[in-house]
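Please open the structure in your viewer and keep the sequence panel beside it. The tour below goes from the whole chain to single residues, with something to select at each stop.

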Amino acid sequence: MNYSALIQNRKSVREFTDKPVSYQELETIRSYYTRYVRRLVPGLDTQLYFFGTDTREALEGAAGYNAFLVGAPQYLVLMSQRHALAHLNAGYMMEDLVLKLTDMGLDSCWVTFTSSEDIKDALGIESELDVAAIVAFGYGKKTTKRLRLNLRSMSNVDIEAKHRYMEPKRGIRDMAFLNTWGNTRNLDDFIGFYDDVLWEALYAASLSPSYLNRQAYGFLLHDGFISLVSRPDAYNRKIDGDLSLGIVLHHFSVVAENWAGKPQWKFGLEAAQPALPEGHGVVASCRL
Ligand SMILES: Cc1cc2nc3c(=O)[nH]c(=O)nc-3n(C[C@H](O)[C@H](O)[C@H](O)COP(=O)(O)O)c2cc1C
């Protein structure tokens, strides 16, 4: 797959036509998941479930922004073994599937949820694993409106959050810093040294879907490392925050590895520990 092109083409779609997703298409997704899907943490036990159009009713109230659920012909539900990195890994894997859907001409939208148990009950899933990520998909309605949100149904989302998620995304200079957090002096020269690889990977990262479009993260280039840093964010909930971090790691990694080989991310205490403002934290780092 040409990840750079797919990342640039993908957008959240929240209205779908009645055109069903065919059995063959579902099999293509299933087989992609089994054989090729990218994983951030190899060895974590995961499972992919497919649910059809009647799922909307079952999920109503348990998933979606303020319980406003994106109605779609199909839903993907990714289950995962419990682990400190489970949602980072689920974000990474599910985004790989989202880009596979984009490659197949299908549209999609991530769907938030708060409780794995509620979703399992609603969908009748009997599994030792937890619900880790949900995506709605199908054939999107063609719309000329740039804004693809049903704002009336979103009236419970508060004004600031609502505005943020209609806003354009942060550009590279608002999310990548050199040596110290917030510093962009000499950033272009530094990135230029890497022959566009770094620029393209950061650009792909800047286009990532994130919970409420918060983009509560950034990258710090420092001491021979690149570190993904989480920013404090009042709206971010733990699961959505971690899924969004997994997604941005995916976008960065799949584009960077075209030229530079697969980034070897280190997490937690094994990651680099640069000085950061209060409330910020290194999620993962790898050598440049
Ligand atoms: C973890 C996560 C949960 C999300 N949940 C929802 C949701 O429940 N409903 C919705 O309409 N969009 C949801 N989104 C989509 C974001 O609002 C969307 O990615 C963001 O506004 C950026 O727009 P884009 O995806 O078109 O680039 C979610 C995204 C992520 C990453």
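What percentage of the 288 residues of the chain count as buried? The share is 56%, where buried means under 20% relative accessible area, exposed means over 50%, and partly exposed is in between, with a 1.4 Å probe and protein chains only.

Before going further, note that this is a predicted model, in which local features need pLDDT of at least 70 and side-chain atom pairs count only at pLDDT 80 or more, while totals for chains, interfaces and linings use all residues. Residues are numbered from 1 along each chain as its sequence is written, and side-chain values use heavy atoms, with hydrogens and water left out.

**The whole chain**

The chain has nine helices and nine strands, which are DSSP runs numbered from the N terminus, helices being H or I with at least four residues and strands being E with at least two. Its radius of gyration is 19 Å, close to the 19 Å from the globule rule for 288 residues, so the chain is as compact as a globular protein of that length; the radius is taken over C-alpha atoms, and the rule is 2.2 Å times the number of residues to the power 0.38. Turned along its principal axes, the C-alpha trace spans about 55 × 40 × 35 Å.

Contact here means heavy atoms within 4.5 Å. Among contacts between residues at least 6 apart in sequence, 75% join residues at least 24 apart.

If you switch to a surface view, the chain exposes about 13,800 Å², of which carbon and sulfur atoms supply 47%; such areas come from the Shrake-Rupley method with a 1.4 Å probe, and for residues only the protein chains shown count as cover.

**Two domains**

Next, colour residues 3–157 as domain 1 and residues 167–287 as domain 2, with bounds that come from an automatic or database domain assignment. The contact between the two takes 25 residues from domain 1 and 30 residues from domain 2. The centres of domain 1 and domain 2, taken over C-alpha atoms, are separated by 24 Å.

**Helix H8**

Now select residues 197–206, which form helix H8. Why is H8 described as largely enclosed by the rest of the structure? Seven of its ten residues are buried, so the rest of the structure largely encloses this helix. The buried residues are Val-197, Leu-198, Ala-201, Leu-202, Ala-204, Ala-205 and Ser-206.

Leaving aside its neighbours within four places in sequence, Ser-206 is in contact with Lys-169, Arg-170, Met-175 and Gln-215.

**The loop between H8 and E6**

Follow the chain into the loop between H8 and E6, where Pro-209 lies. Is Pro-209 buried or exposed? Pro-209 is buried, with a relative accessible area of 7%. When neighbours within four places in sequence are left aside, Pro-209 is in contact with Arg-10, Glu-95, Trp-110, Tyr-217, Ile-247 and His-251. A line drawn from Pro-209 to His-251, C-alpha to C-alpha, covers 9.8 Å, although 42 residues separate them in sequence.

The loop between H8 and E6 also holds Asn-213, which counts as buried at 9% relative accessibility. Asn-213 has a positive phi of about 55 degrees although it is not a glycine. Most residues other than glycine have a negative phi. Asn-179, in the loop between E5 and H7, likewise has a positive phi, near 70 degrees.

**Two last stops**

Select Ala-260 in helix H9, which is exposed, with a relative accessible area of 59%. The C-alpha atoms of Ala-260 and Tyr-194 are 9.7 Å apart in space, and the two residues are 66 apart in sequence.

Finally, move to Phe-267 in strand E8 (residues 266–267), which is buried at a relative accessible area of 17%. Beyond its neighbours within four places in sequence, Phe-267 is in contact with Leu-40, Leu-85, Leu-88, Leu-249, Val-283 and Ala-284. Its C-alpha atom is separated by 9.1 Å from that of Cys-286, which is 19 residues away along the chain.
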